[in-house]
Amino acid sequence: MSAVVIHAAHDLRVEPHDAPDPGPGEVRIRVERGGICGSDLHYYHAGGFGAVRVREPMVLGHEAAGTVEAVGPGVTHVAPGDAVAVNPSLPCGTCAQCQAGRPIHCLDMRFLGSAMRMPHIQGAFRARFTCEAARAVKLPPGLSVETAAFAEPLSVCLHAASQAGPLLGARVLVTGSGPIGVLCCAVARLGGAREIVVTDLVAPPLATARAMGADRTHALGEQPDSLAPYAEGKGHFDVAFEASGSGAALVGALGVLRPGGTLVQVGVGGDAAIPLSAVVAREARIVGTFRFHAEFAHAVEVLASGRLDPAPLLTEVVPAAEAVRAFDLASDRKRAMKVQLAF
Ligand code: ZN
């Protein structure tokens, strides 16, 4: 049984990995699909991001789905043979933030494939995964594991939308046409947005944004001034989702937000110089969004309903044995949107 393990930047290995029989309150999942996320790529290329560094070998992956193979004593909500999505988030339920109703900000969060704490929380890119039963969310009939592996990034975008407020009738800008930006676009469509504009530096990913509901797209690397018309008359957009993590994109989005509009910062990057005069004069609201909680189960339902089909995002399903090729492909924004590993 194999696992995809990051040892250091550019040192990604497919290694043998044990999956013990599940103990009380645990399940063993046969993982079938694992989506490669931007943070997995940060570990691969740079050994981490910001202050978060890989300090010991870590199984990557937090977008996974598969089939329950065995359950431990006391587990009743899933049974062997059930198809499940793996919820990577597991707040403790007892810390001060959890007790205050903010489980996203749990002080003892055990998020899969994350080097934020030591020892690291080993991730889900492994053929067999024994884990806390609470992570296994049963799939409704008819929902494939391939589609269910999109539940995690979709959860991020559903939470981002909740930070934005009502989208019905809203004019929405999305900056950054990676998987998260494109799913924010699809969520805005689901939420009843009146108009959705998506930008990126390069053109190829914007085709996926159009397939997922964007009315118009702009490749700013080719036509840097194409947002200028939206700046007229004190701005155009009610809501902006900044999904690139770029300071330049944040400043550009602020410049086309209508007075009182909301900018949701979804992307993570370095520091940005924010023009305070634009925030003040526009009475702009800038709000962060971090991961998700209740949205995971919601995302599974949305995917099962067929009202949001992530299929246009799926570039290729690559056997886990070829993980390095899969990670290189996922890193090429001209060729890839979402790459999944098959175990
Ligand atoms: Zn907690």
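R325 is partly exposed at 39% relative accessibility, where partly exposed lies between buried (under 20% relative accessible area) and exposed (over 50%), with a 1.4 Å probe and protein chains only. R325 meets E316 in a salt bridge, 3.1 Å from N to O. This is a predicted model, in which local features need pLDDT of at least 70 and side-chain atom pairs count only at pLDDT 80 or more, while totals for chains, interfaces and linings use all residues. Residues are numbered from 1 along each chain as its sequence is written, and side-chain values use heavy atoms, with hydrogens and water left out.

**Salt bridges**

- A salt bridge is a side-chain nitrogen of Lys or Arg within 4 Å of a carboxyl oxygen of Asp or Glu, and the count by this rule is 19.
- E316, the partner of R325, is partly exposed at 29%.
- Shared partners link D21, R28, E69 and R128 into one network of salt bridges.
- E195 and R171 form a salt bridge with their closest N and O atoms 2.6 Å apart.
- E195 lies in strand 12 (residues 195-200) and R171 in strand 11 (residues 171-175), so this pair ties together parts that are 24 residues apart in sequence.
- E195 is buried at 8% relative accessibility, and R171 is partly exposed at 22%.
- D108 pairs with R117, again with closest N and O atoms 2.6 Å apart; D108 is partly exposed at 34%, and R117 is partly exposed at 25%.

**Zinc site**

- The protein donors of the zinc ion are the SG atoms of C92, C95, C98 and C106, at 2.3 to 2.4 Å; donors are N, O and S atoms within 2.8 Å of the metal (3.2 Å for Na, K and Ca).
- The arrangement is tetrahedral because the 4 donor atoms subtend angles of 103 to 118°, and four donors count as tetrahedral if all angles lie between 85 and 135 degrees.
- Along the chain the donors follow the spacing C-x2-C-x2-C-x7-C.
- C92 is partly exposed at 28%, whereas C98 is buried at 12%.

**Helix and sheet**

- Helices (H or I, at least four residues) and strands (E, at least two) are DSSP runs, numbered from the N terminus.
- Helix 1 (residues 38-46) has buried residues S39, D40, L41, Y43 and Y44, and just after this helix G47 takes a positive phi of about 75°.
- An open sheet of 3 strands has the order 2-1-6 with antiparallel pairing; two strands pair if DSSP finds at least two bridges between them.
- Strand 2 (11-16) and strand 6 (58-59) are the edge strands, each pairing on one side only.
- Strand 1 (residues 2-8) is joined to strand 6 by 2 bridges, and V5 has V59 as its bridge partner in strand 6.

Technical notes
Four donors count as tetrahedral if all angles lie between 85 and 135 degrees; four count as square planar and six as octahedral if opposite donors are over 155 degrees apart and all others between 65 and 115; anything else is irregular.
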